Every structure is written in structure tokens, then in C-alpha cells.
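Dear colleague,

My notes on what was found in it follow directly after it.

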Amino acid sequence: MQVIILHPQKIRRLYKFREIMIQGAGALCFKLASIKLFNWLRKNNLLFTVKYCIPVHDEINLECPEALKDEISNILVKCMEEGAKPFCTRVKLGADVEVGDFWIH
């Protein structure tokens with residue numbers, strides 16, 4: 001039987017490495033979701049009707065006409081979930097949407 005002794009400094013490095021890998025995968029998911037959303041907006045001629053206001057960490061904030069809110073909400077969720085598929089193959093990452101008159105974080 002082998003006994004493995006990990007020093008606190010090595011443990012911290014392992015945690016940091018794991019955090020970097022998770023954050024990196026999350027960033028890739030977010031970027032792919034943004035590309036998918038942009039392509040959908042361009043394909044449906046909505047690029048200047050729906051405004052991509054600001055990306056915040058893992059959120060996409062959009063402005064759109066009231067009449068389009070349900071369709072855009074569904075497309076945004078679909079793009080976010082599809083953006084995660086190539087990078088998270090074992091578990092489905094879900095997305096949710098909130099609609100409001102102003103951004104609440």
C-alpha cells in the first residue's frame with residue numbers, strides 16, 4: 001500500500017488548475033453561444049432589431065421589441081444550451097431567461 005502525501009501548496013495548485021479548466025470551458029461555451037445567437041439574428045434579418053447590449057460573465061443581455069420577446073427568449077436559451085454541448089459532453093448544461101424592463105443582476 002502506498003501513502004501519498006500532498007503538501008498544502010500542491011493542493012492549492014491542483015485546485016487552481018481545476019478552476020482554470022472550468023473557467024476556460026465556461027468561456028468557450030459562452031463564446032460559442034454568442035456566435036450561434038449572432039448567426040441566428042443575421043439569418044433572420046434581426047441584427048439591428050435585437051440589440052446585444054452587454055455580455056456579463058455568463059449572461060447575454062439583449063434588447064428587443066415586446067412582440068419578439070418570447071421568440072428571442074427561446075432562441076437565446078437554445079443558443080446557450082447548444083453552445084455548451086461540445087465542451088460539456090457528460091451533463092446537459094441548461095439555461096434560463098428573465099425578461100424585464102431593465103437589467104437586474
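**Exposed loop residues**

N45 is exposed, with a relative accessible area of 67%; here exposed means over 50% relative accessible area, buried under 20%, and partly exposed in between (1.4 Å probe, protein chains only). This is a predicted model, in which local features need pLDDT of at least 70, side-chain atom pairs count only at pLDDT 80 or more, and totals for chains, interfaces and linings use all residues. Residues are numbered from 1 along each chain as its sequence is written, and side-chain values use heavy atoms, with hydrogens and water left out.

N45 belongs to the loop between α1 and β1. Helices (H or I, at least four residues) and strands (E, at least two) are DSSP runs, numbered from the N terminus. Although N45 is not a glycine, its phi is positive, at about 55°.

H57 is likewise a residue other than glycine with a positive phi, near 50°. H57 sits in the loop between β1 and β2 and is exposed, with a relative accessible area of 70%.

A further exposed residue is E66, at 58% relative accessibility. E66 is found in the loop between β2 and α2. Between E66 and L76 there are 10 residues of separation along the chain, and their C-alpha atoms are separated by 15 Å.

**The strand pair**

β1 and β2 run antiparallel and are joined by 5 bridges; two strands are taken to pair if DSSP finds at least two bridges between them. The hairpin that they form has 2 residues between the strands, and H57 takes its positive phi there. Along the pair, P55 has I60 of β2 as its bridge partner, while K51 stands opposite E63, also in β2. As a general point, the side chains in a regular strand alternate between the two faces of the sheet.

**The nonpolar core**

Which residues make up the largest nonpolar core? There are 12 in all: F30, L37, W40, L41, L46, V50, I60, L68, I72, I75, L76 and C79. Such a core is a set of buried Ala, Val, Leu, Ile, Met, Phe, Trp, Tyr and Cys residues joined through side-chain atoms within 4.5 Å. The elements that give two or more residues to this core are α1 and α2.

L41, in helix α1, counts as buried at 4% relative accessibility. Leaving aside neighbours within four places in sequence, L41 is in contact (heavy atoms within 4.5 Å) with L46, L47, V50 and I72. L41 and K51 are 10 residues apart along the chain, and their C-alpha atoms are separated by 9.7 Å.

L46, for its part, touches W40, L41, L68 and I72, again not counting residues up to four places away in sequence.

**Two further buried residues**

Is C29 buried or exposed? C29 counts as buried, because its relative accessibility is 11%. Its place is in helix α1. C29 touches G83, A84 and F87, with residues up to four places away in sequence not counted. From C29 to L93 the separation is 64 residues in sequence and 9.8 Å in space, C-alpha to C-alpha.

S73 is located in helix α2 and is buried, with a relative accessible area of 12%. Apart from its neighbours within four places in sequence, S73 is in contact with V97 and V99.

**The largest pocket**

The largest pocket holds about 1500 Å³ of space. On a 1 Å grid over the protein atoms alone, where a 1.4 Å probe fits, a pocket is an open set of points with protein on both sides within 12 Å along at least five of seven lines, and lining residues have an atom within 4 Å of a point. Grid points are joined across faces, edges and corners, and the volume is the space filled by probe spheres set on the points.

The lining of this pocket consists of 43 residues, of which E59, I60, N61, L76 and D96 lie nearest its centre. The elements that give two or more residues to the lining are α1 (8-43), β1 (51-56), β2 (59-63) and α2 (69-84). By class, 26 lining residues are nonpolar, 8 polar and 9 charged. In this scheme Ala, Val, Leu, Ile, Met, Phe, Trp, Tyr, Cys and Pro count as nonpolar, Asp, Glu, Lys and Arg as charged, and the others, Gly among them, as polar.

With kind regards
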